[in-house]
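Colleague: I am new to this structure and would like a close look at one part of it. Please start there and then show me what surrounds the topic.

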Amino acid sequence: MAAKKILLLVGDFVEDYEAMVPFQMLLMVGHTVDSVCPGKKAGETVATAVHDFEGHQTYSEKPGHNFMITATFDEIKAEDYDALVIPGGRSPEYLRLDPAVIACVQHFAKANKPIAAVCHGQQLLTAADVIKGKSCTGYPAVKPDIEAAGATWCEVNETFSNACVDGNIVTGPAWPAHPEWMREFLKVLGSTIEP
């Protein structure tokens, strides 16, 4: 397996599991992962939020851990990375307002590099206008955004554990999808993990 250099794009109140679990899983299998946040430098942290599904009409939110930023956003070059991971939570909602973030996402899409987005991370894909004609899933509240961006909605299963793959883009509805979402992303990366 060829090790890849992967960019993980986060901001304050990114979903805790959706940042930490992919970061650790990708490191575990031998890839290099840089976590970045606009306006923050390597060594600083972002606050995370834990979103849970407890039977309410929408998810609940609780304070999460602090998540370490490993590279400075203003110093990185998207062309130096092989793939992009976009976690959900509340950060994609405001990160999509940053032209440098949009340009970064567009670089990965235009270069046909692997992109993994989960939950509300798809808000960055829609704002960057990179999913027209693609099939995607996400947290159900993002369905109107995905369809308005010209993509076809992949239905979310009952346990929120499915993923959708369309070419270089791998999407999942929420953190319960991590096993399938990351398994499919590893395939797109060309990573082979065997028991």
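Is Lys-143 buried, exposed or partly exposed, and what is its relative accessible area?

Modeller: Lys-143 is partly exposed, with a relative accessible area of 28%.

Some ground rules come before the rest. This is a predicted model, in which local features need pLDDT of at least 70 and side-chain atom pairs count only at pLDDT 80 or more, while totals for chains, interfaces and linings use all residues. Residues are numbered from 1 along each chain as its sequence is written, and side-chain values use heavy atoms, without hydrogens and water.

Now to the partner of Lys-143. Glu-155 forms a salt bridge with Lys-143, and their closest N and O atoms are 3.7 Å apart. The pair links distant parts of the chain, with Lys-143 in helix 5 (residues 143–148) and Glu-155 in the loop between strand 9 (152–153) and strand 10 (164–166), 12 residues apart. A salt bridge here means a side-chain nitrogen of Lys or Arg within 4 Å of a carboxyl oxygen of Asp or Glu. Helices (H or I, at least four residues) and strands (E, at least two) are DSSP runs, numbered from the N terminus. Glu-155 counts as exposed, at 55% relative accessibility.

One of the residues in contact with Thr-137 is Glu-155, and others include Ile-146, Trp-153, Cys-154 and Val-156. Contact means heavy atoms within 4.5 Å, and neighbours within four places in sequence are left aside for Thr-137. Thr-137 lies in the loop between strand 8 (135–136) and helix 5. Its relative accessible area is 0%, so Thr-137 is buried.

A search of the whole structure finds 5 salt bridges. Another of them joins Lys-40 to Asp-12, with the closest N and O atoms 3.3 Å apart. Lys-40 lies in the loop between strand 3 (32–36) and strand 4 (45–52), and Asp-12 in the loop between strand 1 (5–9) and strand 2 (14–15), so this pair ties together parts that are 28 residues apart in sequence. Asp-12 is partly exposed, at 25% relative accessible area. Both partners turn up again beside Thr-45, whose contacts include Asp-12, Lys-40 and Asn-66. Thr-45 belongs to strand 4 and is partly exposed, at 31%.

Glu-61 and Arg-90 form a further salt bridge, the closest N and O atoms being 3.0 Å apart. Glu-61 sits in strand 5 (residues 60–68), and Arg-90 sits in the loop between strand 6 (83–86) and helix 2 (91–95), 29 residues apart. Glu-61 is partly exposed at 36% relative accessibility, and Arg-90 is partly exposed at 35%.

Next, the interior. In soluble globular proteins, nonpolar side chains tend to be buried together. The largest nonpolar core has 61 residues, and among the members that touch the most others are Trp-181, Phe-185 and Leu-26. Such a core is a set of buried Ala, Val, Leu, Ile, Met, Phe, Trp, Tyr and Cys residues joined through side-chain atoms within 4.5 Å. Trp-181 touches, among others, Pro-22, Val-85, Ala-163 and Val-170, not counting residues up to four places away in sequence. Glu-184 touches Ala-163 and Val-170 too, along with Val-165, on the basis that residues up to four places away are not counted. Glu-184 lies in helix 6 and counts as buried, at 18%.

Helix 1 (16–28) and helix 6 (178–189) each supply at least two residues of its lining. The largest share, 5 residues, comes from helix 6. The lining includes Met-25, Leu-26, Met-182, Arg-183 and Ile-193.

Last, two backbone points. Most residues other than glycine have a negative phi. Cys-119 has a positive phi near 65 degrees. It lies in the loop between strand 7 (115–118) and helix 4 (122–127) and is buried, at 4%. Asp-129 has a positive phi of about 55 degrees. Asp-129 is in the loop between helix 4 and strand 8, and it counts as exposed at 57%.

Note on methods:
Buried means under 20% relative accessible area, exposed over 50%, partly exposed in between (1.4 Å probe, protein chains only). On a 1 Å grid over the protein atoms alone, a cavity is a set of points where a 1.4 Å probe fits but cannot get out, and a pocket is an open set with protein on both sides within 12 Å along at least five of seven lines; lining residues have an atom within 4 Å of a point.
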